[in-house]
Amino acid sequence: SVASHGTVLRSAFSDAVDPCEVGAWWCEYWAHSADRALDYRKAHPQLAVIDLHFADLCADPITTARRLYEQLDMVLSPVAENAMRGFLAEYPKGRYGEHHYDLAQFGLETQSIGKRFARYCEAFDLCRPE
């Protein structure tokens, strides 16, 4: 687990980076974090938690924000919505170009990722990678 890995110090700049080591570490870090979050939620059912799909937020941030406000019994004011639209216009997706990554370049496989994140996927009824 991540806890047994301890803290890993990494320089912001290095000529010796093993992408497979980095991929394995971050995969375990996020899987462990997801497991801890699920455990916390189970131990504290009185907490009000609202879940959003990141894909929805990326595809239509205003509609997603509006749904969030509704779930919080709040109204998304025209001023707030205009501020959001202004931000999105000023900082459009891909303004610095796009990055494309492949699991294989980090020594990861879809099947092993699916197994490691199965609990999270099952909790949120997400389709698991084949």
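Which helices each supply at least two residues of the lining of the second largest pocket? I looked this up and found helix H3 (54-59) and H5. Helices here are DSSP runs of H or I, at least four residues long, numbered from the N terminus.

**Basis.** I worked on a predicted model, in which local features need pLDDT of at least 70, side-chain atom pairs count only at pLDDT 80 or more, and totals for chains, interfaces and linings use all residues. Residues are numbered from 1 along each chain as its sequence is written, and side-chain values use heavy atoms, with hydrogens and water left out.

**Second largest pocket.** I noted a volume of about 220 Å³. A pocket is an open set of points on a 1 Å grid over the protein atoms alone, where a 1.4 Å probe fits, with protein on both sides within 12 Å along at least five of seven lines; lining residues have an atom within 4 Å of a point. Points are joined across faces, edges and corners, and the volume is the space filled by probe spheres set on them. The lining is Phe54, Leu57, Cys58, Pro61, Phe87, Leu88, Tyr91, Pro92 and Lys93. H3 gives the largest share, 3 residues. By class I have 8 nonpolar, no polar and 1 charged. Nonpolar covers Ala, Val, Leu, Ile, Met, Phe, Trp, Tyr, Cys and Pro; charged covers Asp, Glu, Lys and Arg; the others, Gly among them, are polar.

**Largest pocket.** I read about 440 Å³ of space here. Of its 12 lining residues, His53, Phe117, Tyr120, Cys121 and Leu126 are the closest to the centre. Helix H6 (110-116) and H7 are the elements that give two or more residues to this lining. The classes are 9 nonpolar, 2 polar and 1 charged.

**Core.** I then looked up the largest nonpolar core, which has 6 residues: Cys27, Ala31, Leu108, Ile113, Phe117 and Cys121. Such a core is a set of buried Ala, Val, Leu, Ile, Met, Phe, Trp, Tyr and Cys residues joined through side-chain atoms within 4.5 Å. Phe117 touches Cys27, Trp30 and Ala31, not counting residues up to four places away in sequence; contact means heavy atoms within 4.5 Å.

**Aromatic pairs.** I found 8 in the whole structure. Rings of Phe, Tyr and Trp (its six-membered ring) pair if their centres lie within 6.5 Å; planes under 30 degrees apart are stacked, over 60 edge-to-face, and the rest tilted. Phe87 and Tyr91 form a tilted pair, 4.8 Å centre to centre with 35 degrees between the planes. The rings of Tyr120 and Phe124 have centres 4.9 Å apart and planes at 50 degrees, so this pair is tilted. Ring pairs also link Trp25, Trp26, Tyr29 and Trp30 into a cluster.

**Accessibility.** Is Glu81 buried or exposed? I find it buried, because its relative accessibility is 15% (buried is under 20% relative accessible area, exposed over 50%, partly exposed in between; 1.4 Å probe, protein chains only). Glu81 is in helix H5 (residues 78-90). Leaving aside neighbours within four places in sequence, Glu81 contacts Ile62, Arg66 and Leu76.

**Positive phi.** Asp73, although not a glycine, has a positive phi of about 55 degrees. Asp73 is in the loop between helix H4 (61-71) and H5, and is exposed at 74% relative accessible area. Asp125, also not a glycine, has a positive phi of about 50 degrees. Asp125 lies in the segment after helix H7 (118-123) and is exposed at 71%.
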